[in-house]
Amino acid sequence: MPAFIEYADHTVLLMIQNHLHTPFLDLFFTFYTQLGNLGFLWIAVSLLLLFHAKTRRAGLLALFSMAVGLIGANLILKHLFSRPRPWLVVDGLTPLIAPPDPNSFPSGHTCAAFAAAGAWWKTFSNWKIKSFFVALAILMGFSRLYVGIHFPSDVLAGALIGLFSSQIAWILYRRAQQREVKLP
């Protein structure tokens with residue numbers, strides 16, 4: 001990482017830890033970030049959407065988007081970059097949870113959240129619903145910073161990969177529709 005990005009990453013994490021942490025927020029963000037483990041929250045919502053004809057397309061696209069993001073972020077980029085977790089390199093940073101893997105870049109939790117939110121943004125017409133899911137995705141990304149297990153650049157990359165994954169899913173869906181493949 002370039003020095004200015006590392007400096008910004010370190011500074012932001014220490015500012016969050018030193019100025020935003022409270023017992024209530026520690027409990028809230030620790031709980032919320034763990035809802036994203038293995039994409040649980042986003043997969044659960046997507047599966048629920050599959051049960052209703054009107055929302056089936058949203059659920060299907062979100063699941064496909066998350067699969068694309070999983071491959072790109074967790075299976076390829078995390079191992080390619082092998083960036084250590086923040087508390088290993090930022091003096092004075094104390095994580096609130098222990099992540100299951102040692103690699104930090106990019107944030108898989110954030111990728112899954114934005115992959116699902118991006119798919120739902122494309123498929124839902126109601127602005128309140130769209131905004132709600134985007135807010136949940138942003139909150140997931142922030143939770144990864146708050147608990148101290150990702151750098152801001154990890155979260156930004158995860159969000160971009162997630163949105164890119166949702167765009168890929170949308171393009172493939174539209175092409176299948178044009179070929180008259182029967183899809184929800």
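Reply: Start with a cut-off. A residue is buried when its relative accessible area is under 20%, exposed when over 50%, and partly exposed in between. This is a predicted model.

Me: Is Ser82 buried, exposed or partly exposed?
Reply: Ser82 has a relative accessible area of 40%, so Ser82 is partly exposed.

Me: Where is Leu38 found, and what is its phi?
Reply: Leu38 is found in the loop between H2 and H3. Phi of Leu38 is near 55°, again positive in a non-glycine residue. The relative accessible area of Leu38 is 85%, so Leu38 is exposed.

Me: Which peptide bond is cis?
Reply: Check omega. From Phe105 to Pro106 the bond is cis, with omega near -10°. Pro106 lies in the loop between H4 and H5.

Me: How many helices and strands does the chain have?
Reply: Seven helices and zero strands. Along the sequence the pattern reads α-α-α-α-α-α-α. The radius of gyration is 17 Å, close to the 16 Å that the globule rule gives for 184 residues, so the chain is as compact as a globular protein of that length. Along its principal axes the C-alpha trace spans about 55 × 35 × 25 Å.

Me: How do I read helix H4 for length and bend?
Reply: Compare span with expectation. H4 covers residues 56-81, 26 residues, and reaches 36 Å from first C-alpha to last, close to the expected 38 Å. H4 bends by about 30° at Leu70.

Me: Why do residues three or four places apart point the same way?
Reply: Now look at burial. The buried residues of H4 include Ala58, Leu61, Ala62, Ser65, Met66, Gly69, Gly72 and Ala73. Lys78 is also buried.

Me: What covers the buried residues of H4?
Reply: The cover includes helix H3 (40-50), helix H5 (108-123) and helix H7 (152-178).

Me: Which residues of H2 are buried, and what covers them?
Reply: Phe29, Thr30, Tyr32 and Thr33 are buried. Their cover includes H3, H5 and helix H6 (127-146). H2 has 13 residues and reaches 19 Å, close to the expected 18 Å.

Definitions and conventions
Residues are numbered from 1 along each chain as its sequence is written. This is a predicted model: local features need pLDDT of at least 70, side-chain atom pairs count only at pLDDT 80 or more; totals for chains, interfaces and linings use all residues. Side-chain values use heavy atoms; hydrogens and water are left out. Helices (H or I, at least four residues) and strands (E, at least two) are DSSP runs, numbered from the N terminus. The expected span of a helix is 1.5 Å times one less than its number of residues. The bend at a residue is the angle between axes fitted to the seven residues ending there and the seven starting there. Buried means under 20% relative accessible area, exposed over 50%, partly exposed in between (1.4 Å probe, protein chains only). Contact means heavy atoms within 4.5 Å. The radius of gyration is taken over C-alpha atoms; the globule rule is 2.2 Å times the number of residues to the power 0.38.
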